[in-house]
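Please read the following report alongside the sequence and the three-dimensional model.

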Amino acid sequence: MSTSTARLMDGTALARRTVEETAARAAEITRRTGTTPCLATVLVGADPASVTYVKMKQNRCAKAGIRSQHVELPASTTTEELVAAITALSEDPEVHGILLQHPVGPHIDERAAFEAIAPEKDVDGVTMASFAAMGFGLPGFVSCTPGGIMRLLDAYDVELSGKRAVVVGRSAILGKPAGLLLLGRDATVTYCHSRTTDLSAAVREADILVAAVGKPHFIKGEDIKPGAVVIDAGYNPGNVGDVDFASAAERASLITPVPGGVGPMTIAVLLAQTVEGAERQLGL
Ligand SMILES: Nc1nc(=O)c2c([nH]1)NC[C@@H]1CN(c3ccc(C(=O)N[C@@H](CCC(=O)O)C(=O)O)cc3)C=[N+]21
């Protein structure tokens, strides 16, 4: 028998509202300038999950009245070739935003590739410039998944100031920037990772838990502080999250489902930032 008390944080519904606003802004840009906002997606190799995610991003662009341009490169692409392809997009005035799908394969210097994205087109929030802006609390493009998480927390009126936020995972475009954004809102942030000793003890302190490790159902309900807000940013194969939803929902006050939580918001932020980039580049 379930004693579930948690309310769902509905990322699908919030994303729909966010994308509607974005679509209206995109239409206005097209009407005023004759130029339609354009996102370039760059995919290296043919990993099935990456192919699916990139297709989802393109479909969502189409629905929002954003053009998308797709660059597909073979898995054998070198760092130099990838940097050249991204540099060309950075210099193309028709392109307003660039997304390089992560991961790119171990033989490529992913950081060098990300840094070839012009800062004003970094609508995915993956460059050093964007990371620094997040860290300093300056305006700029945020990493899409952390940005989506913050929008969800705000939409559900989650108080952040003075709260204990625990981020499990420290990847460059998810865990680490998620912690920075929470810190920027005056949460007390703890990062946990593969070398953390006594992870359970850390997780039990969390008023707000962000799970971003990439291990299916890694976080169990027994470690959730009663009343905590649980954000599952995991995207494991088969749409499985990092949190054991059934047991976590018995203790959390608010929880994101997978699918239908953080994922749709990630794409909503990508589209919103693409339109924002287009507005700025077109002088609106
Ligand atoms: N440079 C870069 N930026 C990213 O933002 C990025 C990336 N690389 N690499 C891969 C991850 C993964 N990711 C997801 C986006 C949407 C869903 C999503 O919308 N999922 C749906 C389910 C999927 C479905 O409906 O089939 C959901 O959670 O409801 C999931 C995962 C973005 N990523």
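## Domains

The C-alpha centres of domain 1 and domain 2 lie 28 Å apart, and the protein chain is divided into these two parts at residues 33–118 for domain 1 and 144–262 for domain 2, with bounds that come from an automatic or database domain assignment. This is a predicted model, in which local features need pLDDT of at least 70 and side-chain atom pairs count only at pLDDT 80 or more, whereas totals for chains, interfaces and linings use all residues. Residues are numbered from 1 along each chain as its sequence is written.

An unreviewed UniProt entry annotates residues 9–124 as "domain: Tetrahydrofolate dehydrogenase/cyclohydrolase catalytic", and this span is 50% helix and 16% strand, with its end C-alpha atoms 23 Å apart. UniProt, again in an unreviewed entry, places "domain: Tetrahydrofolate dehydrogenase/cyclohydrolase NAD(P)-binding" at residues 143–281, where the chain is 38% helix and 14% strand and the end C-alpha atoms are 19 Å apart. UniProt positions are given in the numbering used here, feature names are shortened, and such annotations may be inferred rather than shown by experiment.

Six strands form an open sheet in the order 1-9-8-7-5-6, with parallel pairing. Strand 1 (7–8) and strand 6 (188–192) stand at the edges with a single partner strand each, so one side of each is left without a neighbour in the sheet. Helices (H or I, at least four residues) and strands (E, at least two) are DSSP runs numbered from the N terminus, and two strands pair if DSSP finds at least two bridges between them.

Strand 5 (residues 164–168) pairs with strand 6 in the parallel sense over five bridges, and Arg164 stands opposite Thr188 in strand 6.

## Around the ligand

Of the 20 residues around the ligand, His102, Tyr235, Pro259, Gly263 and Thr266 come nearest, a residue being near if its C-beta atom, placed from the backbone, lies within 6 Å. Two or more residues of this shell are given by each of helix 2 (48–63), strand 4 (97–100), helix 6 (144–155) and helix 10 (262–281), and helix 10 gives the largest share, four residues.

Domain 1 and domain 2 both give residues to the shell around the ligand, so the ligand lies between them.

## The nonpolar core

In the largest nonpolar core, which has 86 residues, Leu209 and Val210 touch the most other members. Helix 10 gives the largest share of this core, 10 residues. Such a core is a set of buried Ala, Val, Leu, Ile, Met, Phe, Trp, Tyr and Cys residues joined through C-beta atoms within 7 Å, where a residue is buried if 20 or more other C-beta atoms lie within 10 Å of its own, exposed if 12 or fewer, and partly exposed in between, with C-beta atoms placed from the backbone.
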